[in-house]
Amino acid sequence: MTVDTITSRLLAEHGRTYAEEAGITLRDKPSPLYRLLVLTVLCSIRISAETATKAARELSAAGYRTPRAMADSSWQDRVDALGRAHYVRYDESTATALGEGAELLLDRWHGDLRRLRDEADGDPGSLRELLQEVPRIGPVGADIFCREVQTVWPWLRPYFDERACGAAEELGLPHTPRGLGGLVPPKDHARLAAALVRVSLSKGALEELQAA
């Protein structure tokens, strides 16, 4: 297959962002940005993306869509919401991390991740470092957030991390952020990044594309 054909198939078959899967309509507003951060925290341990996105939906349905709402919730209520999504083994530690993270956001950035963005001052590296101050988020989590948030923070584009670039290389695609960014319109950078990550996590999907 040609590069264009592989790219089209990636978007068509795997190009759903994790935010979309979690029911988050991303906008450059405090609540959806915070919900993306919560999803990032949930994805930042060894647990399936499907379980993490279900847990994000449960927390949102429980009303924890802002740092204030999360901070005001009880630890047990957070544990119960995670349990309904079968987010097991890590439910108690994650409930703690979510509470501490909400307090940090309120204290340092007044509950608005756009203030964190402004502190990064257009530097992706600084943004990643600031994100890692949030409990549970490490380098992998920072990449997850940046891959997804480039939908509404255009200055981050094109953002393709090592996992996405590695999958692209295996598929014979350009495997640098700039090269991958040139394959699709900027508005689709997050979708292509998500598709590459999804394929990298599914041996069958990767092999199917390689064999086509």
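Visitor: What is the accessible surface of the protein chain, and what share of it belongs to carbon and sulfur atoms?

Guide: In this predicted model, the accessible surface of the protein chain comes to about 9700 Å², and carbon and sulfur atoms account for 48% of that area.

Visitor: Why does the radius of gyration of the protein chain agree with that of a compact globule?

Guide: For 212 residues, a compact globule would have a radius of gyration near 17 Å, and the protein chain has 17 Å, so the value agrees with the rule. Along the principal axes, the C-alpha atoms fill a box of roughly 55 × 40 × 25 Å. Of the 212 residues, 50% count as buried, and among contacts between residues at least 6 apart in sequence, 64% join residues at least 24 apart.

Visitor: How far apart are the mean positions of the positive and negative charges of the protein chain?

Guide: The protein chain carries 27 positive and 31 negative charges, and their mean positions are 4 Å apart.

Visitor: How many aromatic pairs does a search of the whole structure find?

Guide: The search finds two aromatic pairs. One of them joins Phe145 and Trp153, whose ring centres are 5.9 Å apart and whose planes stand at 65°.

Visitor: What makes the pair of Trp153 and Trp155 stacked?

Guide: The ring centres of Trp153 and Trp155 are 6.4 Å apart, with the planes at 20°, and since planes under 30 degrees apart count as stacked, this pair is therefore stacked. Phe145, Trp153 and Trp155 form one aromatic cluster.

Visitor: How do you know whether Phe145, Trp153 and Trp155 are buried or partly exposed?

Guide: Buried means under 20% relative accessible area; Phe145 has 1% and is therefore buried, and Trp153, with 1%, is buried as well. Trp155 has 30% relative accessibility, which lies between the cut-offs of 20% and 50%, so Trp155 counts as partly exposed.

Key. Residues numbered from 1 in each chain as written. Predicted model: local features only at pLDDT ≥ 70, side-chain atom pairs only at ≥ 80, totals over all residues. Heavy atoms only, no water. Rg over C-alpha atoms; globule rule 2.2 N^0.38 Å. Buried < 20%, exposed > 50% of the residue type's maximum accessible area, 1.4 Å probe, protein only. Contact = heavy atoms within 4.5 Å. Areas by Shrake-Rupley, 256 points an atom, 1.4 Å probe, with all protein chains shown as cover. Lys, Arg positive; Asp, Glu negative; His and termini not counted. Charge placed at Lys NZ, Arg CZ, Asp CG, Glu CD. Phe/Tyr/Trp six-rings, centres within 6.5 Å; stacked < 30°, edge-to-face > 60°.
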